[in-house]
Amino acid sequence: MPRTPRRRHSVDRPARSLSLTLLTGLVLVYTLVPLIWLLISATKTQQDLLGSPGIWFSGRFALWDNIRQTLTYGDGIFGRWLLNTLLYVALGAGGATLLAALGGYGLAKFHFPGKRIVFAVVIGAVAVPATALAVPTFLMFSKMGLTDTPWAVIVPSLISPFGLYLMWVFASEAVPDELLEAARVDGSGELRTFFRIGLPLLAPGIVTVLLFTVVATWNNYFLPLIMIKDPDWYPLTLGLNAWNDQAATAGGQPVFNLVITGSLLTILPLIAAFLLLQRYWQSGLAAGSVKE
């Protein structure tokens, strides 16, 4: 009997797997269904939200009215929370990314005594959950008189052990030692070498770390919860939770439609950031996976 020729698979023609396709489909459904529910629910009024199926439209289309109410409710406090979140992200996530890039580059390209100990400390810090450090951090900032201020959220956000480790690994592969030696021979200082040569080569890794730190800071809830009491300094996560808790307080007015609409407005910047920086993020994650 003639043998059936085997199919040759390549990068352009990868092997097909039914189980992998089904698993990917389940993950896709698991990811998209909450977003679809959020988008549909944001188009409903408070009455329609409680008296209609969760994942289907009902009554009049109230998305624009909900957005207007969200932005004006409580004297426009949502806008203040948005600005607070942008402040925490710009200083916290931006500073954490810069420190991770500087630290990762230095640890990857300079040799000094105790480097193995530093590596062990970084790996250990990655394994420590942030909640385990919440009480010591609060006590330390309370002694310093920084609680209930923006610095109580910004300063802890500057530390990103995972970002430092990622930049360390990325810089080891992305920045050739020969290029740095050539710059030093030409008389370039270390800072100039970093900003003129190292930084452009580290761009994909920096974008990857930036995305991780931005998402972590934008969605940060527990740290502001224990540090901030003044609603004027709330980030969006705490502010929307305060609106949600109004229904459980005596005489409070339920505003679930505004909570859902505010949640939709909150995730839009993150979606835009991922879409705009996707190609840098993918190349950053793939760096070092293939060796020559």
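Proline 235 is buried, since its relative accessible area is 4% and the cut-off for burial is under 20%. The model shown here is predicted. Proline 235 sits in the loop between H11 and H12. Leaving aside neighbours within four places in sequence, proline 235 is in contact with Trp81, Thr85, Tyr88 and Pro224. Asparagine 219 lies 16 residues from proline 235 in sequence, and the two C-alpha atoms are 9.0 Å apart in space.

In soluble globular proteins, nonpolar side chains tend to be buried together. Not counting residues up to four places away in sequence, methionine 227 touches Thr137, Phe138, Phe141, Thr147, Asp148 and Ala152.

Next comes the packing of two helices. Helix H3 (residues 63-109) and helix H13 (residues 256-276) have axes 9 Å apart, at an angle of about 95 degrees. Angles of 65 to 115 degrees count as roughly perpendicular, and H3 and H13 are therefore roughly perpendicular to each other. On the H3 side, the residues that meet H13 include Leu63, Ile67, Leu71 and Phe78, and on the H13 side the contact includes Leu258, Leu264 and Leu265. The residues of this contact are eight nonpolar, seven polar and no charged.

Terms used. Residues are numbered from 1 along each chain as its sequence is written. This is a predicted model: local features need pLDDT of at least 70, side-chain atom pairs count only at pLDDT 80 or more; totals for chains, interfaces and linings use all residues. Side-chain values use heavy atoms; hydrogens and water are left out. Axes are lines fitted to C-alpha atoms, for helices over the stretch in contact, and angles run from 0 to 180 degrees between N-to-C directions. Helices (H or I, at least four residues) and strands (E, at least two) are DSSP runs, numbered from the N terminus. Angles under 35 degrees count as roughly parallel, over 145 as roughly antiparallel, 65 to 115 as roughly perpendicular and the rest as oblique. Contact means heavy atoms within 4.5 Å. Ala, Val, Leu, Ile, Met, Phe, Trp, Tyr, Cys and Pro count as nonpolar, Asp, Glu, Lys and Arg as charged, and the others, Gly among them, as polar. Buried means under 20% relative accessible area, exposed over 50%, partly exposed in between (1.4 Å probe, protein chains only).
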